[in-house]
Amino acid sequence: MKIIVAIKQVPERDAQVRIEAAGKWIEEAGLQWALNESDAYALEEALQLKEKHGGEVVVVSAGPERVGSTIRESLAKGADRAIHIDSADLGNRDALGVARLLAAAVKPENPDLVLTGLQSDDLGLGQTGVILAELLGLPHASLILHVEKTESGLTVKRELEEGWFQTVELPTPAVLTIQSGGNKLRYATLMGIKKAKTKEVRVVAASELAPDSAPVVVLERVAIPTKQKSTQMLGGSAKEAAAALVEKLKFEARVL
Amino acid sequence: MLLVALVVASGAGFWSRFGVVLGKILKSKKDASFHLFPIGKRIWDFVWEVVLQAKVIRQRPLPGLAHAAVFWGFCAFVLVTLNHFAVGLGLGFLDPEGSFGRFYFYLAAAFALACATGILGLFVRRFLIRPKWLGEKLSYQSGIIAFLIFLLMATYLASFFVADANPATRVLWWVHTLALLTFLPIIPHTKHLHLVLSPATVFLSRGGFSQIPALVGDEDFGLIAGTDLTQLVSLQAYSCVECGRCTEHCPAANTGKLLNPKEIILGLRGYLNDLGPAASEPLLGMYNAEEAPFQCTTCGACEFQCPVGIEHLPILVGLRRGAVNTGAWENDYGAKLFLALEHGSNSLGLPASDRDKFIEKAGLPLFDGTQEYCLWLGCMGGYDPKGREIVADLARVMNYLGASYGVLRKEKCTGDPVRRLGNDLLFQQLAEENLKTLAENKVKRIVTICPHCVRTIQEDWKDYGTPPPVEHHSEFLARFADKLPKQRDGETIVFHDPCYLGRYRNVYDEPRSVVALAGELVEAPRNHERSFCCGAGGGLAFLGEETGERVSHVRAAELVATGAKTVGTACPFCNSMFRDALAESGDGAPQLMDIAQLTARGLPENDPS
Amino acid sequence: MSGIWVVLEERDGRVSRISWEAVAAGQKLAALTGLAVNAAVVGAQTERLAAEVATKAVSKVVRVEHSLLAGYTADGFTLALQQLFESENPAQVVFPHTYQVRDYAPALAARLGQTLIGDVTAMDEGPVFTRQLMQGKLNGTYRHTGGGTCFVSVQAGAFRADAVEAGTAEITIFSPTIEAAQIRTRPSERFRGSAQTVDLGSAQMIVSVGRGIKDADKLPIVQELATALGAELGASRPICDNGWLPMERQIGSSGQTVSPKLYLAVGISGAIQHLVGMKGSQCVVAINKDPGAPIFEAADYGIVGDLFEVVPALTEAVKTAKQ
């Protein structure tokens, strides 16, 4: 199977978030970067499929030079080769614009399967994979935890709300967006890093793949939410505290 | 003539096996990080451990003395033995009538008596008393060797009571000779090979305790197959006398785990015997269980005790490296630890902002390059609620003493657990990043509450740069003991020596002087270099459930049995391991306090710090 | 351009609560833009659903019906709504941000040359839309700058379902053209995770009990709370060591690592071994009688009190809220 995994390099989860002067994005200087969490699960799923059915795993990632370290990490974990879409101003594209870049890189590869993470840890749109499927004209399924190859294509396990699941059958080639937690991730090894040194990373300029078009949706500015992160202690009698808690859980935390 | 032929035959018998062993050792990979110089320490260790038999005696006094008697007997007998064969060829050079000759023969007789007594005692111990550390099976080799040695001494002593003219002299001479010539070829076929090898093994040690060698080149991932065994490892494997001292103090072996340090070494020897140093079969699996090395807490009791100079820790870590650096080790908890450190700052997988919140809440000053000390929090000090209490108390004491210190804005785990687990990729990343942080912040001196941080920063980071001097807070507090208030009517406090402070760093007195300020020091039965591990080291604190008994519970029971009111610790991991274990002892359980907390409670009540 | 369209979803035969929230969002958007609100329901048999929606203050309710829309598929819903919107040309489309919407709305938007502004938590003059970034550490303000339809989806709980005004609306039917061959995926019936093994790792809500419970026979108090919430039961190590709950329920460094939406720590002190197992929880509530217990540092909401009083009170409050 030829599997393409679209990965994104995002600021580390621990990252201290500071807003840059113009107020349009966060200060990137001094940030540590990492592989997006659900992309790590997508990569793991791809590697397991390769181990079972043979074939090739190619990672694709768009971004500036620093993305190279995350690409190398993916190669170290077992991907066979990589395509780096060199773009210094990815932030100026909306989700559709980014997906167009990926589609242009992926199409000539003619993969059997394209995997993306469910959503990114920074923007959290969760759309790129679905749009990519649309642009490539391929069937897709999202929130996937498990992939199995069958005679006629794929059977995948999809997560639904509130603890429900369903299986979906679809033909290949297809696009799947992978949810975190479906597999146990493998750790990076010294041997993997050494092997990665000889693997191919093809760099292609974004402008070559898809021309810059004006985005239809623009992120105008960012702000730190005023909601405090400290513990809210709820007082009063047991009944009062319980009622206050339920109210908070329903409307503030929105988990009930 | 017959004598010459027999000597040659005996020699040939010796070489037929010894030559093979020597060959296997020499054919092994060269040790890249071995340096013969500086030679001073090597000579000292050789004199202390081999000539004076210090380790042999100290760790098991009675059997040790018996063995020393046998060994010194052998040394004293060199001239006697040479003369013995010379006499057979008509070339005797020690004149029994001459003053030197007579002195020497009587001296040797004294040694022979001691040696015969010693070997008799050892025989009784091995075959009648049968301590379990010598293993289940009776060793017939040992029986034969014991018999031969006794025979040699007996024939020698008997010769004093027989006149030269007596034909019995000649019989005694031949019995003695045959005993010697039988003994010689047996040496390389049994564990008595140590007679020849162990002096070399002690002399050629790696040069430090738990000295983990750097990996060499792009193909070296640790000890995976025969081709990875180096000359030092092979030499050490062949030197093992199977005394079982390593196993006797091993926390894993003592709590029903698969790991047995003696069997690890003998497993390597078995591999070398059967397959040799050029083989590509895996070291683990056939001769030792794959899980065994991963049950090691790296407490070092094995390496510390070994009388023949075997260095178990680099071997155990080497075996782990082979499994981890290649990804062959599949362990959920291990993977979780590695993944947490791949992208996070600490071994617990908690967000760095938690540490920032703690620093702010505790009012700890930030290090700005001007203070004398950088107070390194470590993972436990920065994120564990109890570790934080210890740090806060240490800060109070440092304030009281007027010490100038600050904490770093950013810290990453020193990498101790991943280093001991054999993940060199991750360790390098952590060491390099941290060294960069230290340099950027102009840190000149570090003090920390965790002996694992101390060891890793001071020694293990040397592979990747030059760390500043580091000390443990017990060393810091001991230096100012005279300025710290002495608490009156303090309770009994049993101090538990942390492995990474005691055996690893030789620091025993400093924490005790701090404990003495707070109360009455009580020693655990196994104390100082014999301290029994709490079970957290070697990355095991992160690896989830253990099989068999819990190491921490065994040690906690020992500490509780002393009857002391307080258990004093000097390591946040020991503290964490004992917390649950002591709680199981019920309401009468001793309280658990770090030496920083013991010191802080003695500070004046109205002290503003 | 024909105003604001809200796409509603059904749940157990009725309009889902989050769909009503989307309608409320649509009505807010109407207030901001002066446009009319229309509703669409999609499926094979939408008569009852449409009738329900028609009791609210929307201009019209369109029943997008086709036999191939009986169960949800991305292809079916995308094709159907594409045709509806190509004919209606909305200024705004509002979806509830559900797993289903996440599966097709981005494709639908892309097909129409647009990009969805998803998981919106607020909307203001402009209109501009607020959504969370960096896992909630940032809020971002988005604006639709291109021509054509603006697609948004709204986060559960961001708008209040009970704020939807009542009214009457006309109902019309829209029949899209869909061929069977165009539906490329075949979803199965939904099912629960295996009932046998305890999989706390995928639980959405967990009630966890610690030493504060004192006795095994007091556990039912906590069990009732868990049942009322529809949550799984977890425990700190000592509870499992004592055999009061099976080892699979242990949460912590030597047990399971969990990341539910809601984690309720009852009578748990918060030792590091436990914290590392639940630090990934989205919302942590702690109930403990010791105000100094470290668990409160890790909690979003805390109640200092006797769990034997607080927990039953909470169980009642939850049951009331769910009615």
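These notes cover a predicted model, point by point.

1. Ground rules. In this predicted model, local features need pLDDT of at least 70, side-chain atom pairs count only at pLDDT 80 or more, and totals for chains, interfaces and linings use all residues. Residues are numbered from 1 along each chain, chains are lettered from A in the order written, and side-chain values use heavy atoms, without hydrogens and water.

2. Six strands make an open sheet, ordered 13(A)-18(C)-17(C)-16(C)-14(C)-15(C), with parallel pairing. Its edges are strand 13 (232–233) of chain A and strand 15 (232–235) of chain C, each pairing on one side only. Strands are DSSP runs (E, at least two residues), numbered from the N terminus. Pairing requires at least two DSSP bridges.

3. The A–C link. Strand 13 of chain A runs parallel to strand 18 (residues 301–304) of chain C, and two bridges join them. Here Met233(A) faces Gly302(C).

4. Domains of chain C. The assignment (automatic or from a database) gives domain 1 (4–182) and domain 2 (200–322). Their C-alpha centres lie 37 Å apart.

5. A covered helix. Which helix of chain A is mostly covered? Helix 2 (residues 67–77) is: nine of its eleven residues are buried. Buried means under 20% relative accessible area, exposed over 50%, partly exposed in between (1.4 Å probe, protein chains only). Helices are DSSP runs (H or I, at least four residues). Among the buried residues are Ile71(A), Glu73(A) and Lys77(A). Just after the helix, Gly78(A) has a positive phi of about 135°.

6. Chain B. Val47(B) sits in helix 2 (residues 40–51) of chain B. Val47(B) counts as partly exposed because its relative accessibility is 32%.
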